[in-house]
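Subject: Structure handover

Hello,

Here is the structure for your files. Please open it alongside this email.

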Amino acid sequence: MCGIVGYVGNRQASTVLINALRKLEYRGYDSAGIAILDGENILVRKSKGALKVLEEKIANETIKGSVGIGHTRWATHGEPSDTNAHPHSNEKGTISIVHNGIIENYAELKNKLQAQGFVFKTQTDTEVVVELITQNYEKLNNIFEAVLATLRVLEGSYAIAVLCKDYPDRIIAVRKESPLVVGLGDGENFIASDVPPLLEYTRDVYYLEEKEIAVLYLDHVDLFNTDGEKIIKKPIHIDWSLESAEKNGYPHFMLKEIHEQPKAILDTIRPRIVVDKNNVPFDVNFEEMKMNEGWKSAKRVVITACGTAYHAGVVAKYAFEKLARLRVDVEVASEFRYMNPILDKDDIFIVISQSGETADSISALRLAKAQGVKVIAITNCVGATISREADEVIYTWAGPEIAVASTKAYTTQLTCLYLLAIKAAKERSTLSSQQVTQYLNNLREIPSKIQTILDNKEVIQKTASLQLNKNKIFYIGRQFDSATSLESALKLKEVSYMHSEAFAAGELKHGPIALIDSSTLVVAIASEPSLYDKIGSNMVEVKTRGASVLVITQDKTGSFKDKADEIFEIPECDNVLSSILTIIPSQLFAYYCSVLKGYNPDQPRNLAKSVTVE
């Protein structure tokens, strides 16, 4: 995933572009660059490394021009370098482009161009696109027609923005399977890969659909399909505040977003819980969905997702099966698309993606729809590909999540899944009306209980400082806690680079216990009182072999007093819903380990916020 920005207006484009790229740097940070039309030429400045390297490079330079494009890169083709950095230009410097995505047939196209005598200067697939546009422009003498002709031969995913020296008043932008947003200003217009860079300048946007083309001028924006036919659509107004996309005084976005979880969950719950005149909840209603009913006839739920969203699906499996007595299969999206899955039109298919642009999840969605299965999407991004292509959409209302490691997106995904499970249970009569009310009341109490955990975060910070020397961290749990262990281990390895794994606690004796020694920390998650004895026995087993033990639990009776080195108590909660609480200490632990080791938790190495290519 890379970040694209563009500007047409009356301001100095370089200032606008650099400012916008700061808000997209989470999308890629191995190089950055800008291209500015100064009225006569296209001036390109780019550098390997973080955006600050580019800023330092141009700090003493005046780059005049009010039309330009910019890019922050996460490498796919070609190692990070000044040469491979975007923007890329043709040999004469008359056309420059920035590109997010992968051109899948670039090798074939590259071979054809090389046979014609073209010599490539970079290792990127983007250089192929520049040369194709150039060749088509020389034939057609029209930059818009040249872009259209080029798109017809490209295969893969892309968002592309194009500058042409002969057309100094415009930017041409197009997207296919990679996000691109057009910002509509007053006497100025913008493009960006995501909303945050636009909020300082405008709240009115177009989300480009598949293969839509936008031509940005100073005073208007024209939209076209790939046949060159003009499209008319209404802009969408963005309600996010600018400060919601900034750090708000926190040292890192990750910590800010951990602290935003009470509000994000409350925002996600409030519109969906139906209450009577006495404010007693009795039902769940997703206003954005047509299918609030229909669970009675369902035989199975199939959930697919990647990474953190997949872990939310694993928690949901336990919730649906326990509450609604409905079979659930959870599949990793990257495997699902190749497994020739057996689907039935009576299945309920749920795809989960924070960005709504995850390539494997989009492919899984399309595969399910091709087999006639209705698809429910859970996503945080209005207008994203998954939300547009699914039959039904549930938005998590988490707001912008800037840190690469997901926190509030995960817990709001869990919240939506719990609401769905309770709705399914009500429709299937597997819960009484009193039980439905009880679960919904318990869910409404979750935000304040998370706040209680956050108010005691210094305990986790101290524990992290004492465990930094551990070489292996194992998370164990049973049932819902086993699912939470998966996400806990992922969070730690993502941001602190500490080796961490998750095991169902009962599996310790089936192999993993051989790895236990004095260099090991075992984090036991224990939210189910009926399983305290079982998990307690596992804790004794690993302590006997030299491991340190931290237990995250809601136990108040002292069950683990002599079995753990550190005990972090969470507020009491029905264990079905406890996964939203037990993950919070794990998020904090991962964050503090990262910071104490001197890393930037917002931008972990080798990772990007959303994987929009396979």
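Below are the findings, grouped by topic.

This is a predicted model: local features need pLDDT of at least 70, side-chain atom pairs count only at pLDDT 80 or more, and totals for chains, interfaces and linings use all residues. Residues are numbered from 1 along each chain as its sequence is written, and side-chain values use heavy atoms, with hydrogens and water left out.

**The sheet and its helices**

Helices (H or I, at least four residues) and strands (E, at least two) are DSSP runs, numbered from the N terminus. Two strands pair if DSSP finds at least two bridges between them.

Eight strands form an open sheet with antiparallel pairing. Their order is S3-S2-S4-S1-S10-S9-S11-S15. Strand S3 (42-48) and strand S15 (236-237) stand at the edges. Each has a single partner strand, so one side of each is left without a neighbour in the sheet. S9 pairs with strand S11 (residues 204-207) in the antiparallel sense, over three bridges. There, Val 181 has Tyr 207 in S11 as its bridge partner.

H1 lies across S1, strand S2 (31-37), S4 and S10. H1 runs at about 155° to S2. Helix H2 (residues 51-58) lies across S2 and S3, at about 130° to S3. Contact here means heavy atoms within 4.5 Å. Axes are lines fitted to C-alpha atoms, for helices over the stretch in contact, and angles run from 0 to 180 degrees between N-to-C directions.

**Salt bridges**

A salt bridge is a side-chain nitrogen of Lys or Arg within 4 Å of a carboxyl oxygen of Asp or Glu. The count comes to 31 by this rule. For accessibility, buried means under 20% relative accessible area, exposed over 50%, and partly exposed in between (1.4 Å probe, protein chains only).

Arg 11 and Glu 188 meet through their side chains in a salt bridge (2.8 Å, N to O). Arg 11 lies in the loop between strand S1 (3-8) and helix H1 (13-22), and Glu 188 in the loop between strand S9 (181-184) and strand S10 (189-192), so the pair ties together parts that are 177 residues apart in sequence. Arg 11 is partly exposed, at 40% relative accessible area. Glu 188 is buried, at 7%.

Two further pairs sit within helices:

- Glu 321 and Lys 317 form a salt bridge, with the closest N and O atoms 3.0 Å apart. They are four residues apart in helix H8 (residues 307-324), about one helical turn. Glu 321 is partly exposed at 24%, and Lys 317 is partly exposed at 28%.
- Lys 491 and Glu 487 form a salt bridge, with the closest N and O atoms 2.9 Å apart. Both lie in helix H15 (residues 480-496), four residues apart, about one turn. Lys 491 is buried at 0%, and Glu 487 is buried at 0%.

Elsewhere, salt bridges that share partners join Arg 175, Glu 210, Glu 357, Arg 366 and Glu 389 into one network.

Of the 21 residues of H12, 19 are buried, so the helix is largely enclosed by the rest of the structure. At 1.5 Å a residue, H12 should span 30 Å, and its end C-alpha atoms are 30 Å apart, which agrees. The expected span is 1.5 Å times one less than the number of residues.

Most residues other than glycine have a negative phi, and most peptide bonds are trans. Please check these exceptions:

- Ser 429 is exposed, at 61%.
- Asn 606 has a positive phi near 65°. Asn 606 is in the segment after helix H17 (579-596) and is exposed, at 63%.
- The His 86 to Pro 87 peptide bond is cis, with omega near 0°. Pro 87 is in the loop between strand S4 (67-73) and strand S5 (88-89).

**Ser 548**

Ser 548 is in strand S26 (residues 548-553). Ser 548 is buried, at 14%. Its side chain makes a polar contact with the side chain of Lys 470 (3.1 Å). A polar contact is a pair of N or O atoms within 3.5 Å; within protein, one must be able to donate a hydrogen and the other to accept it, and residues adjacent in sequence count only if both atoms are side-chain atoms. Leaving out residues up to four places away in sequence, Ser 548 touches Gln 467, Lys 470, Thr 520, Leu 521, Val 522 and Asp 565.

Best wishes
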